[in-house]
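Trainee: Could we go through the salt bridges and one of the helices in this model? I would like to keep the conventions in view as we proceed.

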Amino acid sequence: MSHVADNLKSTRERIQQLSLGAGRAANDVCLIAVSKTRSLAEVEQAISAGQTVFGENTVQDALTKIPQLNNPVLEWHFIGHLQSKKSKQVAENFQWIHTVDSLKLAQKLSAAMQQHNPNNILNCLLQVNVSGEASKSGLSRDETIFLLSDLVELNLPNLAWRGLMTIGVQGDEAETRKAFSDLRKLRDECRDKFNMEDFDQLSMGMSGDYDLAIEEGATMVRIGTDLFGQRK
Ligand SMILES: *Cc1c(COP(=O)(O)O)cnc(C)c1O
């Protein structure tokens with residue numbers, strides 16, 4: 001077995017154990033293999049080991065892999081900050097984006113989908129900075145509710161609003177757990193307020209904190225280092 005296959009196996013097992021331990025179903029949590037900075041060969045190793053869901057954080061890096069693999073079974077998640085001028089590339093290559101944080105970006109993504117990928121839906125998450133750290137991008141709680149209320153009213157074609165994403169607080173377990181728990185409450189509040197049954201996703205947890213995230217209700221964890229090793 002390749003190194004990546006080994007890591008995938010143990011990470012999947014750990015995710016299942018944590019899910020069961022949190023009183024959830026073993027397959028409740030989707031593992032997104034974060035392949036940013038990794039080579040095409042490394043991604044192919046993961047695919048050989050059965051992985052189909054991948055995350056990339058820049059368009060430039062993603063375009064060295066997605067068109068080359070050209071595999072409709074794969075599901076690609078955009079997890080980085082996106083400049084709206086690159087909406088076309090996301091619309092053409094990704095099925096999910098986790099980092100919507102403005103009306104302008106949502107409008108550009110919808111227009112790009114209508115023009116370049118009109119028969120498909122782009123699944124969207126709003127990026128939230130629940131802990132309020134100044135250094136981090138993302139919406140506050142109130143901004144999230146305001147933006148979502150505009151989005152629901154506009155009903156932009158070819159976009160589906162599916163939930164919330166956040167990044168944990170570096171090196172602080174208690175703060176990270178609180179951020180994850182707050183994100184879950186905010187998702188529930190949005191789902192109820194806007195009566196959106198499909199607003200059910202919580203993207204939270206990376207290599208260093210996905211255990212906490214699963215305990216707090218993550219539906220997707222974004223893991224790079226634990227699968228592919230340290231990034232250079
Ligand atoms: C890089 C990255 C990850 C993966 O981080 P690891 O610590 O390598 O698991 C997850 N989410 C986002 C948004 C990232 O940029």
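Predicted model: local features only at pLDDT ≥ 70, side-chain atom pairs only at ≥ 80, totals over all residues.

Trainee: How many salt bridges does a search of the whole structure find?

Mentor: The search finds 14. A salt bridge here is a side-chain nitrogen of Lys or Arg within 4 Å of a carboxyl oxygen of Asp or Glu.

Trainee: Which residue forms a salt bridge with Glu 13?

Mentor: Lys 9 does, with the closest N and O atoms 3.2 Å apart. Helices (H or I, at least four residues) and strands (E, at least two) are DSSP runs, numbered from the N terminus.

Trainee: And which residue pairs with Arg 177 in a salt bridge?

Mentor: Glu 216, at 2.8 Å between the closest N and O atoms. This pair links distant parts of the chain, 39 residues apart: Arg 177 is in helix H8 (residues 173-193), and Glu 216 is in the loop between helix H9 (210-215) and strand E8 (220-223).

Trainee: Is Glu 216 buried or exposed?

Mentor: Glu 216 counts as buried, at 18% relative accessibility, whereas Arg 177 is partly exposed at 28%. Buried means under 20% relative accessible area, exposed over 50%, and partly exposed in between (1.4 Å probe, protein chains only).

Trainee: Changing topic, which residues of H1 are buried?

Mentor: They are Val 4, Ala 5, Asn 7, Leu 8, Thr 11, Ile 15, Leu 18 and Ser 19. Viewed down the axis of H1, these buried residues fall within an arc of 155°, so they line one face of the helix. That arc is taken over the directions from the helix axis to the C-beta atoms.

Trainee: What do those buried residues of H1 pack against?

Mentor: Strand E1 (30-34), helix H2 (40-48), H9, E8 and helix H10 (225-228). Contact means heavy atoms within 4.5 Å.

Trainee: Which residues are exposed on the other side of H1?

Mentor: Gln 17, Leu 20 and Gly 21 are exposed there. Following H1 is Gly 23, which has a positive phi near 75°.

Definitions and conventions
Residues numbered from 1 in each chain as written. Heavy atoms only, no water.
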